[in-house]
Amino acid sequence: MTKILLVEDNEMNRDMLSRRLTRKGYDVVFAVDGAQGLSMTSSENPDIILMDMSLPVIDGWEATRQLKTNPRTRNIPVIALTAHAMSGDREKALTAGCDEYDTKPIELPRLLAKIEALLGRTN
């Protein structure tokens with residue numbers, strides 16, 4: 001089963017998205033801040049990470065940079081999840097090391113397509 005690490009500090013967003021992903025057959029574990037996300041990446045070995053960018057302790061930008069500079073975690077795909085939809089935010093996320101970018105509110109079919117593409121699966 002594909003394991004997704006959802007790094008999201010908003011409990012309502014975390015609950016809604018994790019339930020929807022679980023119903024689609026994913027094993028979802030979650031972290032509530034960037035520091036916990038970094039720690040759980042090492043302990044949980046997720047197949048993919050959904051990273052909120054506006055996180056406490058360590059923000060998603062810095063957490064992603066740290067993941068992508070670590071030889072043990074650099075190949076794990078990271079999708080930036082953000083309410084930031086301003087010009088340049090997608091490029092900022094990709095520059096930080098994110099493999100893909102998705103805006104909130106989350107549209108599940110769009111997010112699932114990005115997850116599957118990064119995992120190299122076809123529908």
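A residue is termed buried when its relative accessible area is under 20%, exposed when that area is over 50%, and partly exposed in between, with a 1.4 Å probe and protein chains only. The structure is a predicted model, in which local features need pLDDT of at least 70 and side-chain atom pairs count only at pLDDT 80 or more, while totals for chains, interfaces and linings use all residues. Residues are numbered from 1 along each chain as its sequence is written, and side-chain values use heavy atoms, with hydrogens and water left out.

The protein chain contains five helices and five strands, where helices (H or I, at least four residues) and strands (E, at least two) are DSSP runs numbered from the N terminus. Along the sequence these elements follow the pattern β-α-β-α-β-α-β-α-β-α. The radius of gyration is 13 Å, close to the 14 Å given by the globule rule for 123 residues, so the protein chain is as compact as a globular protein of that length. This radius is taken over C-alpha atoms, and the rule is 2.2 Å times the number of residues to the power 0.38. The C-alpha trace spans about 35 × 30 × 30 Å along its principal axes.

Of the 123 residues, 47% count as buried. The accessible surface of the protein chain amounts to about 6300 Å², and carbon and sulfur atoms contribute 49% of it. Among contacts (heavy atoms within 4.5 Å) with a separation of 6 or more, 59% involve residues 24 or more positions apart.

The charged side chains comprise 16 positive and 18 negative groups, and the centres of the two sets lie 4 Å apart. In this count Lys and Arg are positive and Asp and Glu negative, whereas His and the chain ends are not counted; each charge is placed at NZ of Lys, CZ of Arg, CG of Asp or CD of Glu. Side chains of opposite charge can pair when their charged atoms come close. The structure holds 11 salt bridges, a salt bridge being a side-chain nitrogen of Lys or Arg within 4 Å of a carboxyl oxygen of Asp or Glu.

One of these salt bridges joins Lys-3 and Glu-44, with the closest N and O atoms 2.9 Å apart. Lys-3 belongs to strand 1 (residues 3-7) and Glu-44 to helix 2 (residues 34-44), so the pair ties together parts that are 41 residues apart in sequence. Lys-3 counts as buried at 17% relative accessibility, while Glu-44 counts as partly exposed at 25%.

A further salt bridge is formed by Asp-52 and Lys-104, for which the closest N and O atoms are 3.1 Å apart. Since Asp-52 lies in strand 3 (residues 48-52) and Lys-104 in the loop between strand 5 (100-103) and helix 5 (108-118), this pair ties together parts that are 52 residues apart in sequence. Asp-52 is buried at 5% relative accessibility, and Lys-104 is partly exposed at 21%.

Arg-110 and Asp-102 also meet through their side chains in a salt bridge, at 2.6 Å from N to O. Arg-110 is partly exposed, with a relative accessibility of 27%, whereas Asp-102 is buried, with a relative accessible area of 2%. Through salt bridges that share partners, Arg-90, Glu-100, Asp-102, Glu-107, Arg-110 and Lys-114 are joined into one network.

Backbone geometry was also examined. Most residues other than glycine have a negative phi, and most peptide bonds are trans. The peptide bond from Lys-104 to Pro-105 is cis, with omega near 0°, and Pro-105 is placed in the loop between strand 5 and helix 5. Asn-45, a residue other than glycine, has a positive phi near 50°. Asn-45 occupies the loop between helix 2 and strand 3 and counts as exposed at 53% relative accessibility. Val-57 likewise has a positive phi, near 70°; Val-57 is located in the loop between strand 3 and helix 3 (60-69) and is exposed at 67% relative accessibility.

A buried loop residue is provided by Thr-73, which has a relative accessible area of 5% and lies between helix 3 and strand 4 (78-82). With neighbours within four places in sequence left aside, Thr-73 is in contact with Thr-41 and Leu-67.

Definitions and conventions
Accessible areas come from the Shrake-Rupley method with a 1.4 Å probe; for residues, only the protein chains shown count as cover.
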